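Subject: Structure for you to look at, with notes

Dear colleague,

I am handing over the structure we spoke of, and my notes on it follow directly below. Please read them with the model open beside you.

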Amino acid sequence: MSHSRLLDMLLSRPGEFISGEEISRKLSISRTAVWKQINKLREEGYEFEAVSRKGYRLVSKPERLEYSALLHALDTASFGQTVKLLEVTTSTQEEVRLLAEQGAAEGTLVIAEEQTIGRGRQGRKWHSPPGKGIWMSLLLRPKLPLSAAPQLTLLTAVAVCRAVRAVTGVNAGIKWPNDLLVDGRKVCGILLESVGEDEMIRYCIAGIGIDVNLEEEDLPSELVPIATSLKMESGKKADRAVLIGAVMKEMEKLYELYMEEGFSPIGHLWEAQSITTGRFITVKTAQGEISGRAIGLDATGGLLLIGVDNQPTTIFSGEVQFDGCNSQ
Ligand code: BTN
């Protein structure tokens, strides 16, 4: 039998404990099978109270993002106005890539409740369990050279950071170039993938992963020391639809500003949310490690460092590690 019969049974008797014995008898399955299916449902986001001699009681159902709630939360001209909501996919980056190749318009957004092969930066996996995060990708079609793509990465980080702070009050800051951290733990990752032709951008896919309502037990053990969620930080569940609406609004506003005035205002906004500037850092780059004090962004979005030899260097890509010693 599928676990949906078990679920139907629990759903049909809200608030009531149903004993393992009764479930096992009515569904003709063993008590171990009942327990296994309860655990499977827990992984899907259902919460149960289990009390010995009383049985199981459904406490809450997983939240689903609904089109109606999203449309209500979206106050944009185009970003997110075409939106595809998926229960599960490999990666929303792939979904948007397929749509882009079929000619989808700028601002097209794909959101998934769960990703099975969520992609992170530098070939890493992105943990994307069901129902509790925001896993989404936005299609951009800027008429710009490919060399401008890193600036769009910084812009996306600013947009998400501003939206997260406004909606949840969580004090997130940006680690160069585009990780959002709270007290040293990562709460959001951004992956910008660009497809070009003749040195120009054909399209960009801005992938945004936000750990919204995850609990510590939703994180694999290796992520527990380095990751967090907005709920873990604020103690409150955040409304994912409202947060998506706020991110889209910020993205659209900053993108227009960038198209009109270039990178300079975006750079200033990035600095205002930066937790990198002023710190001693080590950056792992393709050319090796570089250490020094981060002094901010240059005019193009590169990270300016004053090295141990007092010489300035600009870094354009790499992985920042804080050296523990903060000069501020
Ligand atoms: C990082 O390594 O920090 C970037 C993580 C980006 C994750 C998001 S989730 C939505 C989109 N789909 C993916 O497969 N990855 C991005």
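Thr-277 is found in the loop between helix H9 (264-273) and strand E10 (279-285), where helices (H or I, at least four residues) and strands (E, at least two) are DSSP runs numbered from the N terminus. With a relative accessible area of 17%, Thr-277 is buried, given that buried means under 20% relative accessible area, exposed over 50% and partly exposed in between, with a 1.4 Å probe and protein chains only. Its side chain is joined to that of Ser-274 by a polar contact of 3.0 Å; such a contact is a pair of N or O atoms within 3.5 Å, of which, within protein, one must be able to donate a hydrogen and the other to accept it, while residues adjacent in sequence count only if both atoms are side-chain atoms.

Please bear in mind that this is a predicted model, in which local features need pLDDT of at least 70 and side-chain atom pairs count only at pLDDT 80 or more, whereas totals for chains, interfaces and linings use all residues. Residues are numbered from 1 along each chain as its sequence is written, and side-chain values use heavy atoms, with hydrogens and water left out.

As for the whole, the secondary structure of the protein comes to 9 helices and 14 strands, and its C-alpha atoms fill a box of roughly 75 × 45 × 30 Å along the principal axes. Of the 328 residues in the protein, 50% are buried.

Helix H8 covers residues 240-261, which makes 22 residues, and from its first C-alpha to its last it reaches 31 Å, close to the 32 Å expected at 1.5 Å a residue; the expected span is 1.5 Å times one less than the number of residues. At the N-terminal end of H8 the cap is Asp-239, which has a side-chain oxygen 3.0 Å from the backbone nitrogen of Ala-241, and after the helix comes Gly-262, with a positive phi near 85°.

The partners are Phe-79 and Tyr-255, in a tilted arrangement with 5.4 Å from centre to centre and 50° between the planes. Because Phe-79 lies in the loop between helix H4 (67-73) and strand E3 (83-89) while Tyr-255 belongs to helix H8, the pair ties together parts that are 176 residues apart in sequence. Phe-79 is buried at 2% relative accessibility, and Tyr-255 is buried at 6%.

Next comes the largest pocket, which has a volume of about 950 Å³. On a 1 Å grid over the protein atoms alone, a pocket is an open set of points where a 1.4 Å probe fits, with protein on both sides within 12 Å along at least five of seven lines, and lining residues have an atom within 4 Å of a point; the volume is the space filled by probe spheres set on the points, which are joined across faces, edges and corners. Of the 38 residues that line this pocket, Arg-124, Lys-125, Trp-126, Lys-186 and Leu-223 are the closest to its centre. Strand E8 gives the most to the lining, with 4 residues. The lining divides into 13 nonpolar, 14 polar and 11 charged residues, where Ala, Val, Leu, Ile, Met, Phe, Trp, Tyr, Cys and Pro count as nonpolar, Asp, Glu, Lys and Arg as charged, and the others, Gly among them, as polar.

Most residues other than glycine have a negative phi, and most peptide bonds are trans. Trp-176 and Pro-177, however, are joined by a cis peptide bond with omega about 0°, and Pro-177 lies in the loop between strand E6 (173-175) and E7. Gln-122, which is not a glycine, has a positive phi of about 50° and is found in the loop between E4 and E5. Asp-183, in the loop between E7 and E8, has a positive phi near 45° and counts as exposed at 75% relative accessibility.

Best wishes

Notes: Rings of Phe, Tyr and Trp (its six-membered ring) pair if their centres lie within 6.5 Å; planes under 30 degrees apart count as stacked, over 60 as edge-to-face and the rest as tilted.
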